[in-house]
Structure formats: C-alpha cells, structure tokens
Number of protein chains: 2
Amino acid sequence: MTTRFAVAVHVLVFLQRHGDEPASSEVLAGSVGTNPSLIRRLLSRLNRAGLTRSRLGTGGGALLARPADAISLLEVYRAVEDDEDVIPLHPSPHPQCPVGGRIKRLLTPRIEAVRHAMHAELARTTIADLAVEIDETPPLRPDAAAP
Amino acid sequence: MTTRFAVAVHVLVFLQRHGDEPASSEVLAGSVGTNPSLIRRLLSRLNRAGLTRSRLGTGGGALLARPADAISLLEVYRAVEDDEDVIPLHPSPHPQCPVGGRIKRLLTPRIEAVRHAMHAELARTTIADLAVEIDETPPLRPDAAAP
C-alpha cells in the first residue's frame, strides 16, 4: 500500500477549508510535504473519480467537486488505491496439489470479508467530519500555532 | 502488501495436512509455485512467531508448532506482515499548516479502526477451518483430481 490514501485525504480536507478559492498543486505540495508533480498525478485520479475538479488559467487550481459531507473516506480510498492489493494472493499455486488447487477458492471469501470490514469502517467518516475536527484539534507542536 | 500472508496460509494448511511428517522447503515451494529460498525465509518468520518448527537432518523439514485450530489467520497475518503498511501515512506534512499539523492526529484513529476491523475478521478463521474445507472443495480444475 502507498501513502496515496493519506495524501488524498490531506488534499481534500485542505480543499474543503480553502472553500471557493482554487488551490494550486504547489500550495498543496507544500502542505503535504511532497512535490507538485505527485500532487498533480493524484489530482487527476481524484478528478476522474469526481471528487475534485480543476479550474484552469491564472489563479487556477483544484476545488472540491462536491460537498465535503458527500465524500466518504471509502470513496477516497477507492479513487486512489487498488483494492486487490489489500491482501494479494500468490499467482501460481500448483493446480494438481490438493492445497494448491484450492487455496484461491478458500482464501478469496476470507479476503473479501476483510475488505468488506475495511470498507464499512472507511465509509463511516467523511471529509467534512475531518475538516470540522481541524478547528477542534491543537496542532502537533503548540508553538507552531503562534502568529 | 506482499503475497506473504497468502503463501503463509498455504504453507500452514499444507503442513496441517502433512501431519507428523515434516515437509521440505522444496516440496512446499512446489505446492506454492515459488522457490525454496523464499519458503525458507517465510518459515523462519513463522518459526519465530511460534507457528511452525523445523526438524533438522535427513527427512527433516517444517512442522506445525501447535494444533491448527489454535492458529488464527490473524496470527499468521501478524507473523508475516508489517501492520503499519495497511494504510501508511505520508511522512512529512507541513507542521505549521493547519491541515498538515493535524492530519496525523486526525487520520490515526480512523486507520486504527480500519486495522481493528481487519483483525477482528482475520481472527474468525483458523488454519484448521481451512484444512477441513480442502476435502469439501472440488479442485480448481476438475480434471486435476483424476488419479
């Protein structure tokens, strides 16, 4: 698993707080602590998933494409991660071995159940829930909040 | 995530069916469809976690270190995967940004909840449950079962 999910959540919470003003990939990269080209690749995934949209031209950048309370962490996860990676199966068990020929069929329903439990948990939180908490949460280093 | 979990489950189910007879890394590798050195590295993790043990010498190999109904998929998972990898955080959000300075604290409890849901699901199945199903499950290709 990559850090794409965490970065995407970060970006979406940032955009929620930015309101109607688009945020550039440079500004987002500064907040996330990465480079703008990685942010642009991520935004193109989020755009495709209908979570963000881009405003072109001077002063352009990224905006949320829908209200933050209509974006669950599950949708973010699905937009940026390949779900098959959660617990991948090995590719070539021996088909004539009693275990090898059946392991995929045995493990698949268990892995599906794990995935379902993850999804149910992720679906419980929206970007709006996290954005609300920002104002209630002290910063990591109290001195960082000083003017 | 790697395929280590799936391979480890495969190996443990195989050992359960092998009973008191040790299985060599070569035999295990043939069933899994990989090379013996990968199996040996995996077995050393499983040994360390107390799930398997090795019998040395001629005719030696791996054995289960405890009854298969006392090995849950959660224990297998913990023996071979680094749990921090499930949903990793990005390493360096900007500490002075209102979002960057708080994103870790916001996301950590959500990621913990996802992990907890995964664990609860994995804890529900044992190696014995899977081994029992082997005999009830037709092989992937029916012709492969022919004598």
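1. In this predicted model, H90(B) counts as buried at 7% relative accessibility, where buried means under 20% relative accessible area, exposed over 50% and partly exposed in between, with a 1.4 Å probe and protein chains only. H90(B) lies in the loop between α4 (73–80) and α5 of chain B; helices are DSSP runs of H or I with at least four residues, and are numbered from the N terminus. Leaving aside neighbours within four places in sequence, H90(B) is in contact with T3(A), A6(A), V7(A), H10(A), V32(A) and I103(B), contact being heavy atoms within 4.5 Å. The side chains of H90(B) and H10(A) are joined by a polar contact of 2.9 Å, a term for a pair of N or O atoms within 3.5 Å, of which, within protein, one must be able to donate a hydrogen and the other to accept it, while residues adjacent in sequence count only if both atoms are side-chain atoms.

2. On the conventions, the model is predicted, and local features need pLDDT of at least 70, side-chain atom pairs count only at pLDDT 80 or more, and totals for chains, interfaces and linings use all residues. Residues are numbered from 1 along each chain as its sequence is written, chains are lettered from A and ligands numbered from 1 in the order in which they are written, and side-chain values use heavy atoms, with hydrogens and water left out.

3. Between them, chain A and chain B bury about 5,200 Å², 67% of it on carbon and sulfur atoms; this is the accessible area (1.4 Å probe) that two parts lose on being put together, summed over both. Of the area that chain A buries against chain B, 12% is supplied by R102(A), R105(A) and R110(A), more than by any other three residues. The contact takes 55 residues from chain A and 55 residues from chain B.

4. There are 2 salt bridges between chain A and chain B, each a side-chain nitrogen of Lys or Arg within 4 Å of a carboxyl oxygen of Asp or Glu. R110(A) and E133(B) meet through their side chains in a salt bridge (2.9 Å, N to O). On the side of chain A that touches chain B, α5(A) provides the largest share, 11 residues.

5. Helix α4 (residues 73–80) of chain A is mostly covered, since 6 of its 8 residues are buried, namely L73(A), L74(A), V76(A), Y77(A), A79(A) and V80(A). What covers these buried residues includes α1 (4–18), α3 (36–48), α5 (103–122) and α6 (127–136) of chain A, together with α5 (103–122) of chain B.

Definitions and conventions:
Helices (H or I, at least four residues) and strands (E, at least two) are DSSP runs, numbered from the N terminus.
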